[in-house]
Amino acid sequence: MVLSKMVTVSFESKVWELCRKIPKGKLTTYKEIGKALHTKAYRAVGQALKKNKNTHATPCHRVVNSNGSLGGYYGKLNSIRKINLLEKEGIKVEKGRIANFKEKLFSYPC
DNA sequence: CGCTTGACACCGT
DNA sequence: AACGGTGCCAAGC
């Protein structure tokens with residue numbers, strides 16, 4: 001078996017972990033994740049979620065933009081899918097925007 | 001005063 | 001070197 005491939009834990013791995021930490025019915029932003037990692041790589045965070053192979057286990061749909069917009073999720077065309085999932089979690093979405101977004105926003109502990 | 005749009009800046013793959 | 005599932009700021013309406 002080929003192992004010892006990533007001596008360095010990929011940045012994405014951390015992102016996924018943080019993503020899983022998001023409590024149900026809550027939301028988080030790319031920036032919050034970046035902040036939790038003590039980095040400004042908001043874009044890299046999005047990249048990580050996009051590369052996420054455990055989408056089935058990682059609630060990447062709970063991650064939205066800091067401005068309250070959903071963002072993309074598997075292509076902006078499928079953003080509706082994200083909305084549906086969020087609504088199921090109890091998050092209200094208005095025309096691609098989170099209702100009471102700030103109230104649902106979840107920040108990572110120190 | 002509040003919302004929307006555009007441009008530029010950051011980081012990692 | 002270029003591209004993102006972004007963020008923040010400024011200007012316009």
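Colleague: Which residues have the most contacts inside the largest nonpolar core, and how many residues does this core have?

Modeller: This is a predicted model, in which local features need pLDDT of at least 70 and side-chain atom pairs count only at pLDDT 80 or more, while totals for chains, interfaces and linings use all residues. Residues are numbered from 1 along each chain as its sequence is written, chains are lettered from A and ligands numbered from 1 in the order in which they are written, and side-chain values use heavy atoms, with hydrogens and water left out. A nonpolar core is a set of buried Ala, Val, Leu, Ile, Met, Phe, Trp, Tyr and Cys residues joined through side-chain atoms within 4.5 Å, where buried means under 20% relative accessible area and exposed over 50%, with partly exposed in between (1.4 Å probe, protein chains only). Here the largest core has 15 residues, and those with the most contacts inside it are V15, I33, L49 and V63. The helix α1 gives the most to this core, with 4 residues. A second, separate core of 9 residues includes L70, L86, V93 and F101.

Colleague: Which residues of α3 are buried, and which exposed residues does the opposite face carry?

Modeller: An α-helix has 3.6 residues a turn, so residues three or four places apart point the same way. Helices (H or I, at least four residues) and strands (E, at least two) are DSSP runs, numbered from the N terminus. In α3, V45, A48 and L49 are buried. They cover an arc of only 95° around the axis, which puts them on the same side of α3; the arc is that of the directions from the helix axis to the C-beta atoms. The face of α3 turned away from its buried side carries the exposed residues R43 and K50. What covers the buried residues includes α1 (11–20), α2 (30–36) and β2, where contact means heavy atoms within 4.5 Å.

Colleague: What are the buried residues of α4, and what do they pack against?

Modeller: In α4 the buried residues are S79, K82, I83 and L86. They cover an arc of only 100° around the axis, which puts them on the same side of α4. These buried residues pack against α2, β2, β3 (93–94) and β4 (97–98), whereas the face turned away from the buried side of α4 carries the exposed residues I80, R81, N84 and K88.

Colleague: Which element gives the most to the surface near DNA strand C?

Modeller: That is α3, with 6 residues. Of the atoms of DNA strand C within 4 Å of the protein, 47% belong to sugar or phosphate and the rest to bases.

Terms used: A residue is near a molecule or strand if one of its heavy atoms lies within 4 Å of it.
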